[in-house]
Amino acid sequence: MKNLLVRVLAVMLLFAVFFTTPGPVSAATNLYVLSSRASGMYYSDSGISVTFSTYPGATIVYTTNGRYPSAKIDLFGRLTINEGYRYTGALSIRGNVVLRAIALKKWTNNSPTYTFRYDVYSPTNLANSVRAKHAGFNYNDTGKYPQNLYYTAATGRKGYFSKTYAGIKAGTVNCTWYTLARVKYNLGREVLFTSEGGLNGGQWYGKIVSNSNQVKYGGSNALEDLVRANNNYPIYNIVVTFPRNGTGTAGHVMLIDAIINGKVYFSDNSQPGVFITVNSITEFKQRYQGSNGSITGVAHLK
């Protein structure tokens with residue numbers, strides 16, 4: 001009888017350990033997952049490192065494919081993962097990645113799912129791609145770029161830009177012709193204007209149609225406004241208009257190939273075919289505004 005009583009007490013103790021409500025500290029635990037980096041966009045040639053932290057003693061399970069992690073810890077502390085991986089240390093992130101993570105702990109409900117989104121760009125790789133694209137442009141290719149380049153205005157009528165005009169110095173081409181040629185090369189389409197004709201360099205901004213494919217920003221700080229509106233993500237194909245062309249009043253227009261991590265990549269009709277890089281928008285403006293005046297406006301071509 002005494003042995004039977006001992007066995008009953010032992011079984012009751014096991015039930016108390018494994019099947020009763022845990023103590024007040026565990027019961028009150030609210031699990032969480034914290035990331036060392038906020039969701040967002042990052043520039044890095046080598047990628048970024050992301051680490052997770054959680055409640056002491058808790059386990060983190062995460063996914064990198066956008067799916068929701070699924071896991072449990074049983075009464076014996078054994079971890080079973082249905083979807084995801086157990087977190088053991090820093091994660092190296094490249095490209096566009098969605099991380100989802102949960103925290104688990106014995107005797108405690110799993111945490112909510114925490115989502116972290118990272119867009120990691122290599123500025124060197126992006127710049128090399130833009131440079132390689134530009135290398136394929138040959139404005140002297142008479143098959144692709146005849147003397148007159150035609151465009152279609154919103155009215156449906158045709159207009160054209162000529163390659164040269166009287167007084168332009170040898171080796172250069174008209175800024176309007178050069179800009180249209182480069183737009184057609186980069187995007188495979190024309191720029192849509194409100195009407196045909198009467199388009200010297202300074203008139204582009206005013207006559208470019210504003211729509212979802214041609215987003216306009218006006219004023220001398222238009223480039224900065226464009227970058228802010230795009231949260232510093234890489235931006236491509238930006239038409240920039242100036243009110244003057246050196247000492248002339250016809251104005252100037254040019255195409256910026258890209259703005260990547262603050263650097264500006266472009267080509268201008270004064271050095272046709274030459275790919276130029278400057279380290280900032282400020283440096284770009286200093287290069288041109290002295291002779292051409294402050295930027296009238298820009299159009300982001302998508």
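How many residues does helix H7 have, and how far does H7 reach from its first C-alpha to its last? Helix H7, residues 281-292, has 12 residues and reaches 16 Å, close to the 16 Å expected at 1.5 Å a residue. Keep in mind as you read that this is a predicted model.

## The chain as a whole

Let's step back for a moment. The protein chain contains 7 helices and 19 strands. Of its 302 residues, 40% count as buried. The chain exposes about 15600 Å², and carbon and sulfur atoms supply 52% of that area.

Among contacts between residues at least 6 apart in sequence, 62% join residues at least 24 apart.

## Helix H7 and its two faces

Now back to H7. Its buried residues are Ile 281, Phe 284, Lys 285, Tyr 288, Gln 289 and Asn 292. They sit on the same side of H7, because they cover an arc of only 105° around the axis. On the face turned away from this buried side you will find the exposed residues Gln 286 and Gly 290.

What do the buried residues of H7 pack against? Their partners are helix H6, strand E15, strand E16 (252-260), strand E17 (263-267) and strand E18 (276-278). After H7 comes Gly 293, which has a positive phi near 85°.

## Salt bridges

Side chains of opposite charge can pair when their charged atoms come close. In the whole structure, a search finds 7 salt bridges.

Is Lys 285 buried or exposed? Lys 285 counts as buried because its relative accessible area is 11%, and the cut-off for buried is under 20%.

Another salt bridge joins Glu 196 and Arg 157, whose closest N and O atoms are 3.4 Å apart. Here too, distant parts of the chain are linked: Glu 196 lies in the loop between helix H4 (175-187) and helix H5 (204-207), while Arg 157 lies in the loop between strand E12 (148-152) and strand E13 (158-162), 39 residues away. Glu 196 is partly exposed at 21% relative accessible area, whereas Arg 157 is exposed at 55%. Lys 184 and Glu 190 also meet through their side chains in a salt bridge, at 3.8 Å from N to O. Lys 184 is partly exposed, with a relative accessible area of 24%, and Glu 190 is partly exposed as well, with 23%.

## A buried threonine

Thr 63 belongs to strand E5, residues 59-63. With a relative accessible area of 2%, Thr 63 is buried. Its side chain reaches the backbone oxygen of Arg 67 at 2.4 Å.

Which residues touch Thr 63, leaving aside its neighbours within four places in sequence? Thr 63 is in contact with Tyr 68, Pro 69, Glu 83, Gly 84, Val 98, Leu 99 and Arg 100.

## Two asparagines in a loop

Finally, visit the loop between helix H6 (222-229) and strand E15 (235-242), where Asn 231 lies. Asn 231 has a positive phi of about 55° although it is not a glycine. Asn 232 is found in the loop between H6 and E15 too, and its phi is also positive, at about 65°.

How do they compare in exposure? Asn 231 is exposed, with a relative accessible area of 57%, while Asn 232 is partly exposed, with 32%.

Definitions and conventions
Residues numbered from 1 in each chain as written. Predicted model: local features only at pLDDT ≥ 70, side-chain atom pairs only at ≥ 80, totals over all residues. Heavy atoms only, no water. Helix = DSSP H or I, 4+ residues; strand = E, 2+ residues; numbered from the N terminus. Buried < 20%, exposed > 50% of the residue type's maximum accessible area, 1.4 Å probe, protein only. Polar contact = N/O pair within 3.5 Å; in protein donor to acceptor, adjacent residues only side chain to side chain. Contact = heavy atoms within 4.5 Å. Areas by Shrake-Rupley, 256 points an atom, 1.4 Å probe, with all protein chains shown as cover. Expected span 1.5 Å × (residues − 1). Arc of directions from axis to C-beta. Salt bridge = Lys/Arg side-chain N within 4 Å of Asp/Glu carboxyl O.
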